[in-house]
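Look at the model first, then read on.

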Amino acid sequence: MNFAFSEEQEELRNIVRQFLDAKSSETAVREQMETERGYDPEVWSQMAEQLGLQSLIIPEDFGGQGFGYVELIVVLEEMGRALLCAPYFSSVVLAANTLLQSGDDAAKAAYLPGIASGETVATLAFTEPNGRWDESGVELTATQDGGAWKLTGTKMFVLDGHTANLVLVAARTGKGVSLFAVDGDAAGLTRTALATMDQTRKQAKLEFAGVEGRLVGEEGAGWDVLSTVLDLAAVALAAEQVGGAQKCLDMSVEYAKVRVQFGRPIGSFQAIKHKCADMLLEVESAKSAAYYAGWCAAEMNDELPAVASLAKAYCSEAYFHAAAENIQIHGGIGFTWEHPAHLYFKRAKSSELLFGDPTYHRELLAQRIGI
């Protein structure tokens, strides 16, 4: 079994890297961080029209390219490396995967073409003020009112929730957790952008006051869909974390070569050598975990739940350690606002907590393999 990337996949990586080098420079990232929207609509359109990134894993029947999860892993790794500010994770990884896993052909036909073309910015509203990532955390209710579903409650930490045209909402009905599609400008929906530590990934609070929603999939079958989507999201985030960790390692090694202290490069000091060596070991191990998880996601095999938690836990810690060591190796300059090291540090911390921290996923892994 060969786990190396194919020539086509490496070419995809090169094309995406060149695009992001041009469009997601440190200057561009800092500019988008300061905006309420959090991304550049022009770059978002170019991603869809010139590179077809939004349509990557969407089947051809619904306006997509029909590629697998391995290709998505390649793209997300590059996006993590460049700290791309765009609603890609929310639209493609969360919303598109939710629709694909829902088994609802009508909903797929209605929403996937818009996501594929980049016209629809979509997201998944799942977490609530209780901060739980499991089924018991879904408390927002959906009740039938004259043939229509009405949603009442609050969702928190919704990625790109304040700008999305389409919000897929997890709500509790009489039969259990169900999924609903809500328009971004629906009556009764109040959207508030949240102040977050990681300004490169916008989050929002969504308040539903009798908001009308359209049922996606079967009533009561929402958690089966969501548990799979959360595993796929954990794998996707692990790939993003690997890209960021590799960038932190590259920055550290480059600085260690050029920074001279006491008449010699700091990279010649044993303490710095050890830091870089430890980072390299962790980054390469994280790549192995993320790539294997990506293959499991592409195959949708029985290993996915266990491997998704394993990859999320390991890659979270590897990225956060690499980001912290990157600041240490840079010394005083690494602590300043002007240096990009803190941008990776904040992204690493927020990604570590997103979809559950390493402790949560190790507990989940233990449950899933029967320990």
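## Helix H3 and its start

At the start of H3, Asp40 places a side-chain oxygen within 2.9 Å of the backbone nitrogen of Glu42. The model is a predicted one. Helix H3 covers residues 41-49. Its buried residues are Val43, Trp44, Gln46, Met47 and Ala48. What do the buried residues of H3 pack against? Four helices are named: H1 (7-23), H4 (69-82), H5 (88-102) and H6 (105-117).

## Nonpolar cores

In soluble globular proteins, nonpolar side chains tend to be buried together. Here the largest nonpolar core has 96 residues. Tyr69, Tyr88 and Phe89 have the most contacts inside this core. Helix H7 (residues 222-258) gives the most to the core, with 14 residues. Another core lies apart from the largest one and has 22 residues. Val29, Met33, Cys276 and Tyr344 are among them.

Which residues does Tyr69 touch, leaving out those up to four places away in sequence? The list includes Ile57, Val93 and Asn97. It also includes Leu232, Ala233, Val235 and Ala236. Gly294, Ala297 and Ala298 are on the list of Tyr69 contacts too.

Ser102 is found in helix H5. Is Ser102 buried or exposed? Its relative accessibility is 12%, so Ser102 counts as buried; the cut-off for buried is under 20%. A polar atom of the Ser102 side chain lies 3.2 Å from the backbone nitrogen of Asp104. Ser102 also touches Val216, Gly217 and Val225, with residues up to four places away in sequence not counted.

Gly222 is found in helix H7. Gly222 counts as buried because its relative accessibility is 1%. Not counting residues up to four places away in sequence, Gly222 touches Val177, Ser178 and Leu179. Gly222 and Ile329 are 107 residues apart along the chain. Their C-alpha atoms are separated by 46 Å.

Ala286 lies in helix H8 (residues 270-299). Ala286 has a relative accessible area of 1% and is therefore buried. Its contacts, not counting residues up to four places away in sequence, are Val242, Tyr314, Cys315 and Ala318. Ala286 and Ala238 are 48 residues apart along the chain. The C-alpha atoms of Ala286 and Ala238 are separated by 8.1 Å.

## Pocket and cavities

Rolling a probe the size of a water molecule over the atoms shows where empty space is left. How many cavities of 30 Å³ or more does the structure hold? There are two.

| Space | Volume | Lining by class |
|---|---|---|
| Largest pocket | about 310 Å³ | six nonpolar, five polar, two charged residues |
| Largest cavity | about 160 Å³ | 10 nonpolar, three polar, six charged residues |
| Second largest cavity | about 90 Å³ | 10 nonpolar, one polar, no charged residues |

About 310 Å³ of space lies in the largest pocket. This pocket is lined by 13 residues. Closest to its centre are Phe157, Gln203, Ser350, Leu353 and Leu354.

The largest cavity holds about 160 Å³ of space. The largest cavity is lined by 19 residues. Leu84, Ala86, Tyr88, Phe89 and Arg201 are the closest to its centre. Helices H4 and H5 are the elements that give two or more residues to this lining. H5 gives the most, with three residues.

Which residues line the second largest cavity? Leu94, Leu124, Phe126, Thr127, Trp133 and Phe157 are among them. Val158, Leu159, Leu230, Leu354 and Phe355 belong to this lining as well. Strand S3 (residues 148-159) supplies the largest share, three residues. No charged residues are found in the lining of this cavity. Phe157 and Leu354 line the second largest cavity, and both are also listed among the residues closest to the centre of the largest pocket.

Definitions and conventions
Residues numbered from 1 in each chain as written. Predicted model: local features only at pLDDT ≥ 70, side-chain atom pairs only at ≥ 80, totals over all residues. Heavy atoms only, no water. Buried < 20%, exposed > 50% of the residue type's maximum accessible area, 1.4 Å probe, protein only. Contact = heavy atoms within 4.5 Å. Polar contact = N/O pair within 3.5 Å; in protein donor to acceptor, adjacent residues only side chain to side chain. Core = buried A, V, L, I, M, F, W, Y, C linked by side-chain atoms within 4.5 Å. 1 Å grid on protein atoms, 1.4 Å probe; cavity = no way out; pocket = protein on both sides within 12 Å on 5 of 7 lines; lining within 4 Å. Points joined across faces, edges and corners; volume = space filled by probe spheres on them. Nonpolar A, V, L, I, M, F, W, Y, C, P; charged D, E, K, R; others polar.
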